[in-house]
Amino acid sequence: MAKLAASQNSTSPPPTTIIATPTPTVSLSGSGVANPTAFTTVLTLDVEGLWDLFVGPVSTAAVNTTVSATPIPTNELIPPPGLYYSSFPSGQQIPMASKNESWKFPAGFWWGVASAAYQVEGAAKAEGRGPSIWDVLLHRVTGYTVANQTGDVADNQYYLYKQDIARIAALGVKTYSFSISWSRVFPFGNGPVNELALAHYDDVINTCIEYGVEPSVTLYHWDLPLNLQNTYGGWLGPQIIDDFVAYAKVVFGRYGNKVSRWFTVNEPIVFCETYPVPDNYFTNTSIPKVQQPYWCGHHVLLAHANAYHLAKSMGINGTVSFKTNGGYKIPLTNSSEDAIAVQRAWDFNEGWFANPTFINGDYPQYLKEFVSGFLPEFTDDEKSMMNGTADIFAHDAYTSQFYMAPDSGISACTSNTSHPLYPTCANTTYSYTSADGGWNVGPAADPLSPWLHKATDWVTLFLHYIQDTWHPSGGIAVTEFGFAEPFEVLKTIKADILFDPIRSSYYRDYMEAILIAISEGVKVVGCLAWSILDNLEWSSGYQDKFGVQYVNFTTQERSYKASFFEYVNAFKVYGTDPVTPHYVSS
Ligand code: GBH
């Protein structure tokens, strides 16, 4: 049995109870029972039992204790030769062109790199971590992963965080944004609190501060404690609201004002659209599949808003927001049907979470027309409770696409529940019309990220759109952006891997787009590159790489890619605040 250090008020954690179906228990007395679907069983499982039953054996890393940082060799800090950068004279070269004097990141602009617990930590069962749905999805669900890879070991950052923080500090990175694993803190999602997990994140946060790196923390980056999925359907159940807030309370209480920026949930559009979860691996739910994402969203909005108010009542002084995601929605043509398709797409994506939070506590029009058929209306109290619960507009904006009406027209889709584009009824493409040349919006990323193209031309317009639509008083932060260099996994020579030209131009042009937006009056307050290092790209495994550092997954050695220097250089050239490398002698 796994030993858990328990919270303040109990010395040994009570085991969780898994109830296979929520129907009343039928007692058998030897005679036949008419309705066997009503039979239930009560299993009592400890953390180890949960793993054994639902996940099975997990791999472990060779290194399984916390490793001290070693000094970063100064020759690793030398930037690469440049590509072509008129506005970004770089590093060690003699610039041919000078900087653009009308661009500037304002004082206090925060910038950094990001990760998420399940994608980098590894140490799947260490120190009492309970399983999350992602352990099941990648270990058990046939066809869910392209390469049969899991997060069991990943970057082993659970033990290597000191070096990872030292490496970004040596380049002068200002912020590290990571997520906390809910099922480390609460192995069952609710109930007993795991002191070992809290002590671990104490040290991660303290190490950031020691190295002059501001910690930003996301509470939930998709790794839902398995037990909550199995007991009440996870985000499909209203119980998640109280459980999320209880988790937030423990974390806010422990780390409080050491954290500059809090993000409650990462990309609810994405994780709500992972509902319905695959059949036959999790406890069934009776909610119709087409409705499930929206029940999830409903509970996310309430859970977020409650956590926001809790943070304020606890005197948390960092900003609190959720992170949403999506690209600019470019109308493919100027037809009125395409304009409607574009508006439908905003309403079913960004507007789903942003309108209730930034505008009026309620869903946008096209979404509301759909969900009012089954979701409860928000009450006036709920609306006023939700409205205004984000201190900044935190948006993960990787790319952009063109939107257009379905071939059959919009109303033929909205009136046909089996239409493949139902209920959004907006079609998308990555290419301009053939009349406009038929080009892609920009170069494609790795084929394992078919959704991603470099579309930096559209970022400035997008930032204006966010400001003009949702009027975030605390400004906008691009909380994730990044690029999967095509076929990087096929390169075998490290020096070749480290030179990543499309990713480098992505970062350069993205920063240029932000600088232009700022110079035009858009309040952009920060940005976070995804990702600090190559990591588990969910179902794409380790084949699809977003890191600004390369990771050799055999040795766990890290190396800076050229794009990392490109990114940092933007702040050296255009920052108001100096970029200051930090070292700590060990
Ligand atoms: C981010 O989401 C995630 O927060 C991060 O964990 C992840 O590593 C990073 O992206 C890179 O992928 O395959 O056509 O169904 C970005 C938004 C939304 C992009 C879901 C991929 C799937 C599109 N993501 N989307 S598709």
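How far apart are the sulfur atoms of Cys-272 and Cys-296, which form a disulfide? I find them 2.0 Å apart. My cut-off for a disulfide is a pair of cysteine sulfur atoms within 2.5 Å.

A note on what I am working with: this is a predicted model, in which local features need pLDDT of at least 70 and side-chain atom pairs count only at pLDDT 80 or more, while totals for chains, interfaces and linings use all residues. Residues are numbered from 1 along each chain as its sequence is written, and side-chain values use heavy atoms, with hydrogens and water left out.

**Entry: the disulfides**

I count two disulfides in the structure. For Cys-272 and Cys-296, the torsion about the S-S bond is about -70°, so I note this disulfide as left-handed. The pair links distant parts of the chain, with Cys-272 in helix H9 (residues 268-272) and Cys-296 in helix H10 (residues 292-313), 24 residues apart. Helices here are DSSP runs of H or I with at least four residues, strands are runs of E with at least two, and both are numbered from the N terminus. Cys-272 is buried at a relative accessible area of 0%, and Cys-296 is buried at 0% too. I use buried for under 20% relative accessible area, exposed for over 50% and partly exposed for in between (1.4 Å probe, protein chains only).

Next I looked at Cys-413 and Cys-425, whose sulfur atoms are 1.9 Å apart in a disulfide. This link is left-handed, with -80° about the S-S bond. Cys-413 lies in helix H15 (residues 410-414) and Cys-425 in the loop between H15 and strand S11 (427-429), twelve residues apart. Both cysteines of this pair are buried. Counting bonded cysteines along the chain, I get the pattern 1-2, 3-4.

**Entry: cysteines without a partner**

Cys-208 is in no disulfide, and the nearest cysteine sulfur, that of Cys-527, is 17 Å away. I wrote down that this distance is too far for a bond. Cys-208 is buried at 0% relative accessible area, and Cys-527 is buried at 0% as well.

**Entry: the strands around Cys-527**

Cys-527 sits in strand S13, opposite Val-478. Strand S13 (residues 524-530) runs parallel to S12, joined by four bridges; I call two strands paired if DSSP finds at least two bridges between them. In S12 (residues 476-481), six of six residues are buried. S12 also pairs with strand S9 (residues 393-396) in the parallel sense, over four bridges.
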